[in-house]
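Keep the 3D view open while you read.

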Amino acid sequence: MYAWPKVSVPTLPGISIPLRLYDTSAGELTAVTPGETAGMYVCGITPYDATHLGHAATYVTFDLINRILRDNGHNVLYVQNVTDVDDPLFERAERDGVDWRELGNEQTDLFRSDMEALRVIPPDHYVGATEAIDEVIEFVQKLFDKGAAYQISAEDDPDYQDVYFPVTATQQFGYESGYDRPTMEHFFAERGGDPERPGKKHPLDALLWRQQRPGEPAWDSPWGAGRPGWHIECAAIALNRLGTSFDIQGGGSDLIFPHHEFSAAHVEAATGCHRMARHYVHTGMIALDGVKMSKSLGNLVFVSKLRAQGVHPGAIRLGIYAGHYATDRDWSDEVLATAVERQKRWQQACERNSGVPAVTTVQRVREALSDDLDTPRALALIDVWADETLRGLGDDATAPTTMRTLIDSLLGATLY
């Protein structure tokens, strides 16, 4: 599957600053210390609806991480999946009377156009679940060989002998989320799990291979025609492109459990490694006027609709940056208006023939962003530079160009 066009990232002068991020599994800030190449896996969309601001906030956050790692001189090997075979996609396609493949392709195309407009650096590997079926089957066989998979018996279910991963397969299960069992059970049931499934050894055991139900697509496997479970899809795609112990596994906070916990456990059980990723990083949820955005409530704000209304993608990024990435935060007309005004003010300052010297501001912005992506502090620093420059302070002829480079290179927010 192709991603979207490459993004040109200008080189920023000055001294880079190593990145620290909050690691969910550690419960604290940790230094990100990759080798020459940093490996990053970010869970992609299930393409049954357009890109909303919750999606955008996640992918813009990991784009910011990508940019900071590059600023520190690292190559970044970035992998992202597309869950293009899943229940929500089938349900929406049936509701709308279209083929699920057609809907998935249409929404993936829209996602690509939104990411391109937002100047998100594309992944090096952009992989649909339907492209990775053989990888998943091979992975599940490895789990069987390790004693880390079992199939529901015909006695327990004569119709569907699905394949499951036992929660006991790794000794360290639970380290990624840090949740206790009641919390795990709550989120497992709420987020796509099937705790009441007859024949499972434990309510938390995760689906690896689902045998075909009527009307569902299917692929041949040693365990009957069917399709992958959700967690094994990301585990296989990540392992086969990044190996074990890659640097960053990322996504929204709603993926902490069960998705990221089980993806890690699958890799660890299959390979014997102690830890799939060195850092588990999660973004907070976005609310609209104080109410969490959700498809069921119908209060989603779509990137494509904002763009159609004439909102500059750079302003969308600045609106996202107004709150810290890890917090649950609000989007509103006020947040957008502030972002639009900020972009306009920065643009006016950067159009000046001279301005306040930018070297100190550049380094302070680097410090803020390298400190767990403190975008509110970074924006405030650039605001000060822009306001002082617009008041006619400073006569550095290189400053406007340097600040344009800073805003483009690190924040990914062009002004025009």
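Predicted model: local features only at pLDDT ≥ 70, side-chain atom pairs only at ≥ 80, totals over all residues.

In it, helix α10 (residues 333-350) packs against helix α12 (residues 375-390) at an angle of about 50 degrees, and their axes are 9 Å apart. That angle makes α10 oblique to α12. The crossing of α10 past α12 is left-handed.

So who touches whom? From α10 come Arg342, Arg345, Trp346, Gln348, Ala349 and Cys350, and they meet Leu379, Ile382, Asp383, Trp385, Ala386, Asp387, Thr389 and Leu390 in α12. Sort the residues of this contact and you get eight nonpolar, two polar and four charged.

Rolling a probe the size of a water molecule over the atoms shows where empty space is left. Here the count comes to one cavity of 30 Å³ or more. The largest cavity has a volume of about 40 Å³.

Which residues line the largest cavity? They are Thr61, Leu64, Ile320, Tyr321, Gly323, Tyr325, Arg329, Leu373 and Thr375. Helices α1 (53-71) and α9 (313-321) each supply at least two residues of that lining. By type, the lining of the largest cavity has five nonpolar residues, three polar and one charged.

## An open pocket

Now for the second largest pocket, which holds about 170 Å³ of space. Its lining includes Ala3, Trp4, Lys6, Arg70, Pro122 and Asp124. The whole lining of this pocket splits into seven nonpolar residues, no polar ones and three charged.

Definitions and conventions: Residues numbered from 1 in each chain as written. Heavy atoms only, no water. Axes fitted to C-alpha atoms, helices over the stretch in contact; angles between N-to-C directions. Helix = DSSP H or I, 4+ residues; strand = E, 2+ residues; numbered from the N terminus. Parallel < 35°, antiparallel > 145°, perpendicular 65-115°, else oblique. Left-handed = near helix turned anticlockwise from the far one by under 90°. Contact = heavy atoms within 4.5 Å. Nonpolar A, V, L, I, M, F, W, Y, C, P; charged D, E, K, R; others polar. 1 Å grid on protein atoms, 1.4 Å probe; cavity = no way out; pocket = protein on both sides within 12 Å on 5 of 7 lines; lining within 4 Å. Points joined across faces, edges and corners; volume = space filled by probe spheres on them.
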